[in-house]
Amino acid sequence: MARNATPLKPRRQAPPPPKPRAGARAARSAWHHRFEAWRLHHRDSAVDALRRMRATPTATAMTVLVIAIALALPAGITVLLENARAATQGWDGNAHLSVFLKRDIDSSRQQALAGAWGARADVERVQVVTREQALAEFRELSGFGEVLDALPDNPLPPLVMVFPRDTTPGALETLQKQLGEAREVDLVQLDVQWVKRLHAMLELAGRIVGALTLALALAVVLVVVNTIRLAIESRREEIVVVKIVGGTDGFVRRPFLYTGFWYGLAGGLVAVLLVQIALLWIGSPVDQLTALYESEYSLIGMGWINAVVLPLFAGLLGLMGAWLAVSRHLQDVDPHLL
Amino acid sequence: MIQLDRVSKRYPIPGGGGKDALRQVSLHLPAGELTFLTGHSGAGKSTLLKLIMMIERPTAGEIIVDGLPLNRIGSGGIPLLRRKIGMVHQNHQLLFDRSVYDNVALPLIIAGFPRADIGKRVRAALDKVGLLDKEKLNPVMLSGGEQQRIGIARAVVNKPPLLLADEPTGNLDPALSAEIMDLFQDFARVGVAVLIATHDLSLIARYQHRLLSLREGRLIADRGEDIHGA
């Protein structure tokens, strides 16, 4: 054979009379045919991956459950944290000073003081709680009505709640000091410290959940890597044959990538289910608890956006795991070994 | 169709040294000719086929297949090269998780043929090997000779210009071997370059085709050139 001047263009062989159209037909396999073939192979790979997963239901269920549990854990804790944040949201916007007056201050003097404080530039509003109101409220909420009846007189002090305009810790402390200087005042209580501590704790918990999420996402990827590695192992012969008859790496990879994606997606969907079941499970105790704290608060669920995002994210993790497994192990399966 | 120019292949041996599987082999296989490749096991037959398929790369020398110099083909181009080559294996290399039809259709699906075309081509190939009525069966239900013919149908379904066969009659009795050989001769007649690696001397003796003999990696005889007086 003479060395071809344009070696990349295969020379048409001497035309064999019986089948001259074959080459021309192949050449006419136009781009849209190629695209169509590519699209069809994607569809077939996706369906085939699902079919293979269904063919081994126990193994598939185990893998999916492992992924689901690994995802449900951080997702569930995140939902709980979101709830804790939401439940305590109003608390520091609502920061106020409880100014307890001496017990011998009568209600007209209490009103006068409240009026004076309410007029201050740094105070937004005040709320007066007379000794009688305080007693009625306490009686209603505490259930100690009979004990109170037994007392000779009302043990509760008059109270003025002062809502400052500026709720930064510094401003609150200044106001606390100034109000405390009044002769009639017994005690000024500032209830923000524990709120701050709570928020710091929530922040910390958020970080821990973040780290946990990262670790468990990695676990999901590794579970998929291992599952796909086994799948590659069990389809060794098929991969060799596909490579021998001219299958590209992409063609060989595709079914495994879909398998990884399906595992992730299924795991994510089950995780959403697990979280919702858990929320239902703790929903009614939470309602009882918040009722005890005289709160209207009820649990926030995952929200449908997260219920969609989590499975997709999990699908992506699965895809990533499959990609890692395929790029690592597909070279091991080579026609050399024929 | 295939041209080898002083091709050598040396496999490194762990712990130093190497084994020369092929030494300075030059040959030319034209289109439309059937050629036997023989030699003892270990003489380099399989290595030669692997080099043509780019399953291995030569240590030295140049191979040109259908006008393509293989040393200029990167790993991305290997699948396209292999689509020009039909390969028949001694152990058939069929997939037993799918039907005869799906086995034969595999190269067409891989090459991205239109689906409508695939059915026609698969049936034409199965018809050629006389197994049209078995397309829905699983290959495991077929005899050795039938499995080999499915392997051949798969090798030729996309009408490659080159057909390689590695001990295609290795497990078959003489009558079946003759059938298989008839098929290969038919393909050569329509312009396909056919290379059959075999150590079945009675088979070689029965057909007057060109014969390449390898011994310890060297090409020691080329009967075709004698016959044609080259």
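Modeller: Please keep in mind that this is a predicted model. Chain A is divided into domain 1 (41-90 + 197-337) and domain 2 (96-191), and the C-alpha centres of domain 1 of chain A and domain 2 of chain A lie 53 Å apart.

Biologist: What makes the pair of A:Tyr258 and A:Trp262 tilted?

Modeller: Planes under 30 degrees apart would count as stacked and planes over 60 as edge-to-face; the planes of A:Tyr258 and A:Trp262 stand at 35°, with the ring centres 6.4 Å apart, so the pair is tilted. Both residues lie in helix H10 of chain A, four residues apart, which is about one turn of the helix, and A:Tyr258, A:Phe261 and A:Trp262 form one aromatic cluster.

Biologist: Why does A:Tyr258 count as partly exposed?

Modeller: Buried means under 20% relative accessible area and exposed means over 50%, and because A:Tyr258 has 23% relative accessibility, A:Tyr258 counts as partly exposed.

Biologist: Where does the kink in H10(A) lie?

Modeller: Helix H10 of chain A, residues 249-292, reaches 63 Å from its first C-alpha to its last, close to the 64 Å expected, while a kink of about 40° lies at A:Gly283, shortly before the proline A:Pro285.

Biologist: What sits over the ring of B:Phe187?

Modeller: The charged end of B:Lys128 sits there, 5.9 Å from the ring centre, where the cut-off for the distance is within 6 Å. In chain A, A:Arg125 lies over the face of A:Phe163, at 3.9 Å from the ring centre.

Conventions
Residues numbered from 1 in each chain as written. Chains lettered and ligands numbered in written order. Predicted model: local features only at pLDDT ≥ 70, side-chain atom pairs only at ≥ 80, totals over all residues. Heavy atoms only, no water. Domains from an automatic or database assignment. Helix = DSSP H or I, 4+ residues; strand = E, 2+ residues; numbered from the N terminus. Expected span 1.5 Å × (residues − 1). Bend = angle between axes of the 7 residues up to and from the residue. Phe/Tyr/Trp six-rings, centres within 6.5 Å; stacked < 30°, edge-to-face > 60°. Buried < 20%, exposed > 50% of the residue type's maximum accessible area, 1.4 Å probe, protein only. Lys NZ or Arg CZ within 6 Å of the ring centre and 35° of its normal.
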